[in-house]
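Work through the exercises below with the sequence and the model open. Each task is followed by a solution in steps.

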Amino acid sequence: MFAEIADNQEDYKKFYEQFSKNLKLGIHEDTTNRKKLADLLRFHTSKSGEDQISYKDYVQRMKEGQKDIFYITGESRAAVSQSPFIETLRKKGYEVLYLVDPIDEYMVQQMKDYDDHKLKSVTKEGLDMDETEDEKKKGEEEKAKFEPLCKLMKDILGDKVEKVVLGKRIEDSPCVLVTSEFGWSANMERIMKAQALRDASTSSYMVSKKTLELNPLHQIVDELRKKAEVDNSDKTVKDLVWLMYETSILTSGFTLDEPQNFASRIHRMIKLGLSIFEEDKAEEDDDLPPLEDDAEEVDTNMMEKVD
């Protein structure tokens, strides 16, 4: 019956609007009929415009040599279409499925592949894009060049991130936050935080360790590298690292734990841009919450004044 309805696009569109959640719930619960149900699903993509396509359509349209089915989860089509995670994929000609229904997060946990093609989230580790030998060689050179900056940023951010590495998935953005392959995505964290009866202990266990991926071709990242080489203890470098991290939280779909600190750092940068230099050091410190280890510096300065 479903197959007959699916053959008539207009009728199926009306049917799908009403029962798409039921079909996806079936993917989650019905292991026996999962493959049949998967054929009935439809999604918007980075190439489909206002139309929706099936998994079968996606596979037929896959780029030559492409092994995986790429998808991104998020709150809305507008949000995921502007995501920095699909910049490079889009420019390289790959199509990305937009999974913007909350139940999609549960559906893809059970549906790992389709037609022998693995489903790969573009916001998680393990994303494999075809690279030429020249691209691989250039990547190794960049890795060595930016290794000191990656180490410095990890030292500054501490346990906020598991590691800082160079990434290949971003084109126009300086950095993004990537989650572990088997942990929650940013969208799943948002969904779970909204659950009224969520288990706090389970939530903390499932929250993914985050990796900060830098775009070595971005001017901001390269200039930060140069500035850090001159003086890696420069307080401005620390401020910029924290700003990049907090900005990547927002662009990667997460929520800020301390938005006031982020706002204060932005205000400080605005003052610098407007050439507003406070004579009263105490007032400046009130505007910008101290970064980790700033408190020790303040104590040291106070002792020197007393001496």
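Two strands pair if DSSP finds at least two bridges between them. Helices (H or I, at least four residues) and strands (E, at least two) are DSSP runs, numbered from the N terminus. The model is predicted: local features need pLDDT of at least 70, side-chain atom pairs count only at pLDDT 80 or more, and totals for chains, interfaces and linings use all residues. Residues are numbered from 1 along each chain as its sequence is written, and side-chain values use heavy atoms, with hydrogens and water left out.

**Exercise 1. Describe the surroundings of strand β5 (residues 117–121).**

Step 1. Start with β4 (residues 113–114), which pairs with β5 in the antiparallel sense over 2 bridges. Here Asp113 stands opposite Lys118 of β5.

Step 2. Look at the connection. β4 and β5 form a hairpin with 2 residues between them, and Asp115 in the turn has a positive phi of about 55°.

Step 3. Turn to β2, which pairs with β5 in the parallel sense over 3 bridges. Phe70 has Lys120 in β5 as its bridge partner.

Step 4. Check burial (buried: under 20% relative accessible area, 1.4 Å probe, protein chains only). Of the 5 residues in β5, 4 are buried, and the strand is mostly covered.

**Exercise 2. How do helix α8 (residues 133–157) and helix α12 (residues 235–251) cross?**

Step 1. Axes are lines fitted to C-alpha atoms, for helices over the stretch in contact, and angles run from 0 to 180 degrees between N-to-C directions.

Step 2. The two axes come within 10 Å and cross at roughly 80°. α8 and α12 are therefore roughly perpendicular (65 to 115 degrees) to each other.

Step 3. On the α8 side the contact involves Leu152, Met153, Ile156 and Leu157; among their partners in α12 are Val237, Trp242 and Tyr245.

Note on methods: Parallel < 35°, antiparallel > 145°, perpendicular 65-115°, else oblique. Contact = heavy atoms within 4.5 Å. Buried < 20%, exposed > 50% of the residue type's maximum accessible area, 1.4 Å probe, protein only.
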